[in-house]
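Trainee: I'd like to learn how to read ring contacts and strand pairing from a model. Can we go through one together?
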Amino acid sequence: MSSLSQFIGGNLPPTAIVNGFSTDGYTVPVADFVTNRIAHGIKSILSGALTAATLKTLLSITGGGVLKYCGLAAVDATSRTLRLRITIDGTVVFDSTSAASTIANAGCHAVGSHQFVTATAGAGTRDRISFATSLLIEVASSLSETDKLSLGVIYEEN
Amino acid sequence: MATQVSTRTNEYGEEVRVTVKGSRITEELVRPPVAPPENQAVARIKALKAKGAIKNDQELYAAVQALVDYLSPGD
């Protein structure tokens, strides 16, 4: 099926996001990218209560838009795995679980990136991942715990 | 186009903000905001003090210095 964006250079919604964090068992980098997120306009959503190894919806949008940044991190140094699943227009485009990590304020970037420099300084790249009809972002921890995962997002709504 | 905002409760008893604008529906988990780093530092020191881990000014200084190093690596 053709779409207008094929001819005017727009971004079609992806069917898969592949990067260094998209394969199960990736090693969480020794990097802090949570504590200065707010200073860089990244919206943080804490996980609330989580049941071990059970996905939980943190953000659901019905409609079109653009996902510019999406990353997940643990907020303390307790050993756990982190799972992030992104579903765009009904297709799971990113679903991976880290190796067990004991690094506070670090995790993965699915869309864009963010680098910690100091508590108030950092650097990041933003991407533009389109969704035409829906966006669903779910997270899971290997532990049952509350507010220990932090989702970072920047998105636009059409 | 009018925007309607309401809330519902998820399976964990937490508040979910539902924003409806036309055909668009956005549902987002509502959690307390993440404390800025300086507030996190104060909270950590208070926690250490509550545990009796900080007993004198020298230990307090060491704890503060460790936090400064943590929050501003490379400075």
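Trainee: How many aromatic pairs does the count come to over all chains?

Mentor: Keep in mind that this is a predicted model. The count over all chains comes to 1 aromatic pair. In general, a pair of aromatic rings is described by the distance of the centres and the angle of the planes. Here the ring centres of A:Phe21 and A:Tyr26 are 5.2 Å apart, and with the planes at 80 degrees the pair is edge-to-face, because over 60 degrees counts as such.

Trainee: Are A:Phe21 and A:Tyr26 buried or exposed?

Mentor: Buried means under 20% relative accessible area. A:Phe21 has 16% relative accessibility, so it counts as buried. A:Tyr26, at 6%, counts as buried too.

Trainee: Which charged residues lie over the face of a ring?

Mentor: A:Lys56 lies over the face of B:Tyr12, 4.5 Å from the ring centre. Within chain A, A:Arg126 sits over the face of A:Tyr69, at 5.3 Å from the ring centre.

Trainee: What is the strand order in the open sheet of 7 strands?

Mentor: Read across, the order is E6(A)-E5(A)-E11(A)-E3(A)-E3(B)-E2(B)-E1(B), with antiparallel pairing. The edge strands, E6 (91-97) of chain A and E1 (3-9) of chain B, each pair on one side only. Inside that order, 6 bridges join E3 (residues 56-62) of chain A to E11 (residues 134-141) of chain A, and A:Ile61 stands opposite A:Leu135.

Trainee: Why is strand E7 of chain A largely enclosed?

Mentor: In E7 (residues 107-111) of chain A, 5 of the 5 residues are buried, so the rest of the structure largely encloses this strand. Strand E4 (residues 65-74) of chain A is joined to E7(A) by 4 bridges, running antiparallel, with A:Gly71 opposite A:His109.

How values were computed:
Residues are numbered from 1 along each chain as its sequence is written. Chains are lettered from A and ligands numbered from 1 in the order in which they are written. This is a predicted model: local features need pLDDT of at least 70, side-chain atom pairs count only at pLDDT 80 or more; totals for chains, interfaces and linings use all residues. Side-chain values use heavy atoms; hydrogens and water are left out. Buried means under 20% relative accessible area, exposed over 50%, partly exposed in between (1.4 Å probe, protein chains only). Helices (H or I, at least four residues) and strands (E, at least two) are DSSP runs, numbered from the N terminus. Two strands pair if DSSP finds at least two bridges between them. Rings of Phe, Tyr and Trp (its six-membered ring) pair if their centres lie within 6.5 Å; planes under 30 degrees apart count as stacked, over 60 as edge-to-face and the rest as tilted. A charge sits over a ring if NZ of Lys or CZ of Arg is within 6 Å of the ring centre and within 35 degrees of the ring normal.
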